[in-house]
Amino acid sequence: TELSLADGGTVTWSAASDEFTDAQLSAYIYATIAHTRDVAIDPSVDFGGPVPIQVNNPGSCNGYSDGDTVFLYQASSACENSARVADVVEHEFGHVFHNHAVIPGMGSFTNDRGQCEGIADYNAANINEDPGIGRGLDFTDRPVREIDPIGVERVYPTDLSTDPHISGEILSGALWDLRKAFIAELGHDAGFAQAEAIYLGLIQRWPDLVG
């Protein structure tokens with residue numbers, strides 16, 4: 001875009017009323033936040049260059065990643081454009097982080113979809129410090145998934161499901177509980193760092209939910 005700026009003045013660039021343009025801006029911002037956090041967790045991770053983020057794809061209420069590229073969908077009457085939802089972008093970026101941080105022969109990006117979804121959910125929750133994943137996708141503050149539900153804990157193997165997102169809550173919930181415990185014992189910053197160290201070790205070395 002082109003904007004005029006007077007000497008000493010200010011200008012505001014907003015595409016809030018233009019879904020497709022705002023999706024590009026939002027995806028760039030949220031992916032940059034995720035990239036910055038994930039590189040801080042693993043400074044040695046090599047993404048092989050800029051991570052492609054494809055927005056405004058046909059379809060709605062979802063997003064996905066093949067481990068290298070993130071794909072995000074248009075808005076519909078039921079769902080917001082998924083590029084405009086921070087958790088969705090950061091979840092899908094978590095798949096890219098997982099794929100590129102794995103130690104070959106030790107961890108795996110392909111063995112267990114439940115494991116992959118749990119890692120990606122925790123990536124978004126950790127960045128936003130909120131266990132409610134996907135707020136805003138249905139135009140409300142209600143999360144799509146809650147990895148720290150009150151009075152409920154997903155456990156292995158009871159809660160294994162054909163839906164990998166549900167199976168993933170076993171892992172993401174356990175990681176969130178560890179995070180809370182470390183922060184309570186060590187304080188926010190030290191607890192945060194300890195939880196991230198375990199998260200990285202799991203990404204790099206854990207082959208699947210069973211392993």
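Two residues are said to be in contact when they have heavy atoms within 4.5 Å. The structure examined here is a predicted model, in which local features need pLDDT of at least 70 and side-chain atom pairs count only at pLDDT 80 or more, while totals for chains, interfaces and linings use all residues. Residues are numbered from 1 along each chain as its sequence is written, and side-chain values use heavy atoms, with hydrogens and water left out.

Gln115 is buried, at a relative accessible area of 0%, where buried means under 20%, exposed over 50% and partly exposed in between (1.4 Å probe, protein chains only). Leaving aside residues up to four places away in sequence, Gln115 touches His98, Ser108, Leu171, Trp206, Pro207, Asp208 and Leu209.

Glu117 is found in helix α3 as well, which spans residues 113-128. With residues up to four places away again not counted, the contacts of Glu117 are His91, His95, Pro164, His165 and Gly168. Glu117 is buried yet has no salt bridge, and the nearest side chain of opposite charge, Arg113, is 4.6 Å away.

On a 1 Å grid over the protein atoms alone, a pocket is an open set of points with protein on both sides within 12 Å along at least five of seven lines, a cavity is a set where a 1.4 Å probe fits but cannot get out, and lining residues have an atom within 4 Å of a point. Grid points are joined across faces, edges and corners, and a volume is the space filled by probe spheres set on the points. The largest pocket holds about 500 Å³ of space. Its lining has 23 residues, of which Gly63, His91, Glu92, Glu117 and His165 are the closest to the centre. Helix α2 gives the most to this lining, with 5 residues.

The second largest pocket has a volume of about 210 Å³. Helix α1 supplies the largest share of its lining, 7 residues. By class, this lining has 8 nonpolar, 4 polar and no charged residues, with Ala, Val, Leu, Ile, Met, Phe, Trp, Tyr, Cys and Pro counted as nonpolar, Asp, Glu, Lys and Arg as charged, and the others, Gly among them, as polar. The structure also holds 1 cavity of 30 Å³ or more, and the largest cavity has a volume of about 40 Å³. Arg154 and Glu169 are among the residues that line the largest cavity.

Salt bridges complete the picture, with a count of 11. Arg154 pairs with Asp159 at 3.9 Å, N to O; Arg154 is partly exposed at 32%, whereas Asp159 is buried at 18%. Another salt bridge joins Asp148 and Lys180 at 3.0 Å, N to O. Asp148 lies in the loop between β5 (145-146) and α4 (164-186) and Lys180 in helix α4, so this pair ties together parts that are 32 residues apart in sequence.

Key:
Helices (H or I, at least four residues) and strands (E, at least two) are DSSP runs, numbered from the N terminus. Lys and Arg count as positive and Asp and Glu as negative; His and the chain ends are not counted. A salt bridge is a side-chain nitrogen of Lys or Arg within 4 Å of a carboxyl oxygen of Asp or Glu.
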